[in-house]
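Welcome! Let us walk through this structure together, one piece at a time.

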Amino acid sequence: MQKIDEIQKRLFEEVADLHELPVGAYNLRANGELAGRKTTANIDIKTKTDKSGIDITIKPGTKKESLHIPVVLSESGITETVYNDFYIGDDCDVLIVAGCGIDNCGNQNSEHDGVHCFYIGKNSKIRYVEKHYGSGNGEGKRILNPVTEVYMEEGSSMEMEMVQIKGVDSTERKTIAKLDKNAKLIVRERLMTHGSQQALSIYKIELDGEGSSADVVSRSIARDNSYQKLDACIVGNAACSGHTECDSIIMDNGKILAVPSLQANNTDAMLVHEAAIGKIAGDQLTKLMTLGLSEQEAEEHIINGFLK
Amino acid sequence: MLELKNISFNAGDKADIIKNVSLNIDENKFTVITGPNGGGKSTLARIIAGIIKPTDGKIYFCGNDITDMAITERARLGIGFAFQQPVRFKGLSVMDLLKIAAGKELNMDEACKYLSEVGLCAKDYINREINASLSGGELKRIEIATVIARDVKLAIFDEPEAGIDIWSFKNLINIFEKMRRERSDRTIIVISHQERILNIADDIIVIADGQVKKKGIRETIMPDIIGTPSAVGPCHKMV
């Protein structure tokens, strides 16, 4: 098993708020190798035999437990695709913290593509937090292309928090969800791009069951010469309700393309989308400056609040 | 404490909105600037706060020439400004804004004090985002609370009573009186043509057509303006 060094420790802190080994189940991955694992009576983790990745099985009725599965890359030139499957039994209530941190000081690209598949049992409640972070001043790019697939059984709910604020050069995120009767999905995405970074975020959420609902809210900021594309599609196949909101601030020469879309295949599907892109309003800056902040401080407060 | 010397302002090629205005506002005075709509009252208030740069003239605050100072510098010298139409912020909470205004961390009790002064219950509002979910009246009260939290030497309120829904004038007047009691060197300027606010003024300035038409103590000016657009009675809902 790999030993965790200082850079990796810092990356673990950034992506999973880990200052020490977490309580509960965990699987730590560093530079493509296992760096720590703990299972509990209710949460089992097994290494896949056919490809890279892990199978996580959470027993029915598991409540108030947590699972941390962060990944860090601190060597330049690593490219990996990892498949993690989550089999969550009925009536669970579990927090899952994932996330990936890349520190690339070298000249070769570092890339982690995490493919996460969630099978959520009846009436289970999952909170999923995924943070992405990049650092290092090498010319090699830091690339993250996560795929998240969620299959939700009757009455289950999932709250996803996706955060990518700093240092990732290129990202293409795909989130696919299928919801059964009365299942509920909440997504909160926060994204900030700098320099010449590119970020694509694509959602396809299918509301198949009666009473299912999805609420996808993305707040993003594109600075410098960065580019973002936000493509959120909700498909209503039953009497369901869906809402997407893409709210963005552009600064400098940033560019954002927001493509919210709705497809209703049932007359009782209630679907709404909202999208707004604009710069920081001048009167917001003025107000904070009348409270004694400099223009730059005012901008920071507005950005931090927006991405909170 | 505040002196405007030959202040003029025009927006581009149009006629002057403020025409060669000279004014002295004394320390520890409650001054109400009134006058008909479009006469230049709000523009003048914005010039004092530094939001608008005058095209001509000088501004002195406590003896310092602040004409070329930016909004931030003036704020740090102790000038506070409550907007006529408060700004909304997605993501910033009422607590965030009060902390920025106070310039320090605030505990629940301190934040509660500021909000209760403007008739809001801190428990209901402190974590609310300053977004479209707040009504115009709620926003306006929060705006006033931010000026209270700043503990300024000169507080400027641009039509503070506009949009204050069911909340009464009496509370607003209590706020002004309390602000004066708290600091003996504090000066308050209110832009308003509401008779009930004019009634508590020490001095009244009437601005129309970009010029000072009248200036003096309340007792002298009030009889001249009562019943005109410069001194409007309260709406029956506000009584």
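Helices (H or I, at least four residues) and strands (E, at least two) are runs assigned by DSSP, and they are numbered from the N terminus. Residues are numbered from 1 along each chain as its sequence is written, while chains are lettered from A and ligands numbered from 1 in the order in which they are written. Please keep in mind that this is a predicted model, in which local features need pLDDT of at least 70, side-chain atom pairs count only at pLDDT 80 or more, and totals for chains, interfaces and linings use all residues.

How confident is the prediction? The pLDDT is the predictor's confidence in each residue, from 0 to 100. For chain B the mean pLDDT is 89, with 96% of its residues at 70 or more. The model as a whole scores ipTM 0.93 and pTM 0.84.

Is Asn127(B) buried or exposed? A residue is buried if 20 or more other C-beta atoms lie within 10 Å of its own, exposed if 12 or fewer, and partly exposed in between, with C-beta atoms placed from the backbone. Asn127(B) is exposed because 11 other C-beta atoms lie within 10 Å. Setting aside neighbours within four places in sequence, Asn127(B) is in contact with Ser93(B) and Met95(B); contact here means that the C-beta atoms, placed from the backbone, lie within 7 Å. Between the C-alpha atoms of Asn127(B) and Gly12(B), which are 115 residues apart along the chain, the separation is 42 Å.

Now follow H6(B) to its partner. The axes of helix H3 (residues 94-102) and helix H6 (residues 136-150) of chain B come within 7 Å and cross at roughly 30 degrees. Axes are lines fitted to C-alpha atoms, for helices over the stretch in contact, and angles run from 0 to 180 degrees between N-to-C directions. Among the residues making this contact are Leu97(B) and Leu98(B) of H3(B) and Ile142(B) and Ala145(B) of H6(B). By class, the contact has 8 nonpolar, 1 polar and 1 charged residues. Ala, Val, Leu, Ile, Met, Phe, Trp, Tyr, Cys and Pro count as nonpolar, Asp, Glu, Lys and Arg as charged, and the others, Gly among them, as polar.

Chain B also has an open sheet, where 4 strands in the order S2-S1-S4-S5 pair in antiparallel fashion. Two strands pair if DSSP finds at least two bridges between them. At the edges are strand S2 (18-25) and strand S5 (64-65) of chain B, each pairing on one side only. Strand S4 (residues 56-61) of chain B joins S5(B) over 2 bridges, with Tyr60(B) opposite Asp65(B).

Where do the chains meet? In all, 19 residues of chain B are in contact with 17 residues of chain A. Helix H2 (71-77), H3 and H6 of chain B each give two or more residues to this side, and H2(B) supplies the largest share, 4 residues.

S17(A) runs parallel to strand S15 (residues 184-193) of chain A, joined by 10 bridges. S17(A) also pairs in the parallel sense with strand S19 (residues 241-250) of chain A over 10 bridges, where Ser218(A) has Cys246(A) as its bridge partner.

Conventions. Contact = placed C-beta atoms within 7 Å.
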